Amino acid sequence: MVKVLVAGGAGYIGSHVVKALLQNGHRVTVYDNLSSGQRINLFPEAAFVEGDILDFATLDKAMAGQDAVVHLAAKKAVGESMEKPELYAENNITGSLNIMKAMLKNGVENMVFSSSAAVYGMPEYLPIDEKHPLNPINFYGYTKYDIEKYMEWYSRLKSFRYMALRYFNAVGYDAEGSIRGREIGSQNLLPIIMDTAAGRREKFSVFGTDYDTRDGTCIRDYIHVTDLARAHVLAIDYLLRGGRSASLNLGTGKGTTVKEIVAAAEKVTGRKLNVEYAGRRAGDPAVLTASSAEAEKLLGWQPEYTDIEEIIRTMWQLEQ
Ligand code: WQD
C-alpha cells in the first residue's frame, strides 16, 4: 500500500485527486490549511492534518513515513498575483521549498506537482508541447515555473524525483457527486457561468469578441478535473516504478471558444444567460491548446471527457 500526502487535498482539484488515489487503494493523508479548501471535501477514508505548508514543524510531522507527495497547495488567482507578488512568493514558492525540505528530511523521494499552462506565457506555436519556451507573463505563472526549476535542481542533486503536471483549463466536477464543495469566488469562466445560471450572479462579461478565431472569442483547452485526477495516480505509479522526472501537459488538444462555452452552458442548464460583450482582458492569448502526447507516452494517459456539454453537466448537477 502506497502512502501519499496530498497537500491541498481539500481544494477543488486536490479533493478529486484524493478520491482517485483512494479508489486505487492508496493510503492518503490530506494536508490543508482550509484557506480555500473545504472541510466538506474531505473523505472519511483519508487522514486529515489541518496545517499550513509554511508551518515546517507540522509539515515535518505529517511527512514522516510517506512514500510520495502530491502537492497542490497554492494560491492561484492570476490577477491577485500581479497585485500581491509577495503573497504568491511566500505561499507558492516558500511553501513548496518547505515541502521539499520536509521530504528530504524524511527520505520521501517522489513528488507530483500541480503546475500550469501559465508557465508557457504567450504561445509561439500550437498546440503547445513541453518543448515550447517557458515565458510566464504573470507572477502566478512565474511561481509555477520557479518551483519546476527547483524540482529540476533537487532531482539532479538529491534522491528526489518529480512529475510536474501542467494543467490547461481545469473544469468540471466528479460525475458521481462525491465532491460537494463548490469552489467559491473563482474568477474562471465556467464557475462564473454557473454562478450566473444558478442566480447567484446577475450577469457576466465575455472578454473580447475581435480575436482571430472562428467566432472572435478566445479558444481554450478545457480539461475535466476527473481526468486530471487520474493523471496524478498514474504519475505516482510511474515515479514509484522508477520513472524519470518530467514535466507533462494535461489537456484534451481540443479548443473551445468562449461563445461555444456559453451556448453549451445555456443548453445544459436550460437557462438564458445574461451576457455582456466586453473588451479584451489584458494578457489573454487568442488560442491555447495542449499537446498531451508526452503524457500519453509516459503515463498512458488520455482524457476520457471530450464533450464540453457532458463536462458542463457535471458542474450543473452540483446546483440541483
Ligand atoms: C477562460 C476564457 C477569458 C472570465 C486561467 C489562468 C491559467 C490557469 C487556468 C491556473 C478566457 C474568458 C473568463 C470571464 C470571459 N490557472 N473569460 N469572461 O485565463 O484561460 O486561464 O485559469 O493554473 O493560468 O490564466 O481561464 O477561466 O479565466 O478564462 O470571457 O468572466 O474565458 O478571456 O478566454 P484562463 P479563465
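**Entry 1: the ligand**

I began with the residues around the ligand in this predicted model. The shell counts 18 residues, and those that come nearest are Tyr140, Ser205, Arg220, Arg281 and Asp284. I sorted the shell by class and got 10 nonpolar, five polar and three charged residues.

Next I looked up which elements supply the shell. Helix α6, residues 189-197, and strand β8, residues 204-207, each give at least two residues. Strand β8 gives the most, with three residues.

I then went through polar atoms facing oxygen atoms of the ligand. For arginine 220, I found a polar side-chain atom 2.7 Å from a ligand oxygen. For phenylalanine 207, the atom is a backbone N or O, and the distance to a ligand oxygen is 2.8 Å. For asparagine 169, an N or O atom of the side chain is 3.0 Å from an oxygen of the ligand. How much of the ligand does the protein bury? I noted that the ligand taken alone exposes 680 Å², and that the protein buries 88% of this area.

**Entry 2: the chain as a whole**

I listed 10 helices and 13 strands in the protein chain. The C-alpha trace spans about 55 × 40 × 40 Å along its principal axes. I checked the radius of gyration against the value for a compact globule. A compact globule of 320 residues would have a radius near 20 Å, and the chain has 19 Å, so the two agree.

I looked at burial next. Of the 320 residues, 52% count as buried. The chain exposes about 13,800 Å², and carbon and sulfur atoms supply 49% of that area. I also looked at how far along the sequence contacts reach. Among contacts between residues at least 6 apart in sequence, 77% join residues at least 24 apart.

**Entry 3: two backbone details in loops**

I found a cis peptide bond between leucine 126 and proline 127, with omega at about -10°. Proline 127 sits in the loop that runs between β5 (110-116) and α5 (139-157).

I also noted leucine 34, a residue other than glycine with a positive phi, near 60°. Leucine 34 belongs to the loop between β2 (27-32) and β3 (47-50).

**Entry 4: threonine 314**

I located threonine 314 in helix α10, which covers residues 308-316. Is threonine 314 buried or exposed? Its relative accessible area is 5%, and buried means under 20%, so threonine 314 is buried.

I then looked up its partners. The side chains of threonine 314 and histidine 224 are joined by a polar contact of 3.0 Å. The threonine 314 side chain also reaches the backbone oxygen of isoleucine 311, at 2.6 Å. Leaving out residues up to four places away in sequence, I found that threonine 314 touches Gly172, Tyr173, Ala175, His224 and Tyr305.

**Entry 5: alanine 7**

I ended with alanine 7, which lies in strand β1, residues 3-7. Alanine 7 counts as buried because its relative accessibility is 1%, against a limit of under 20%.

What does alanine 7 touch, not counting residues up to four places away in sequence? I listed Tyr31, Ile53, Val70, His71, Leu72, Ala73 and Ile99. I also took one C-alpha distance: alanine 7 and leucine 59 are 52 residues apart along the chain, and their C-alpha atoms are separated by 9.5 Å.

Technical notes
Residues numbered from 1 in each chain as written. Predicted model: local features only at pLDDT ≥ 70, side-chain atom pairs only at ≥ 80, totals over all residues. Heavy atoms only, no water. Near = heavy atom within 4 Å. Polar contact = N/O pair within 3.5 Å; in protein donor to acceptor, adjacent residues only side chain to side chain. Areas by Shrake-Rupley, 256 points an atom, 1.4 Å probe, with all protein chains shown as cover. Helix = DSSP H or I, 4+ residues; strand = E, 2+ residues; numbered from the N terminus. Nonpolar A, V, L, I, M, F, W, Y, C, P; charged D, E, K, R; others polar. Rg over C-alpha atoms; globule rule 2.2 N^0.38 Å. Buried < 20%, exposed > 50% of the residue type's maximum accessible area, 1.4 Å probe, protein only. Contact = heavy atoms within 4.5 Å.
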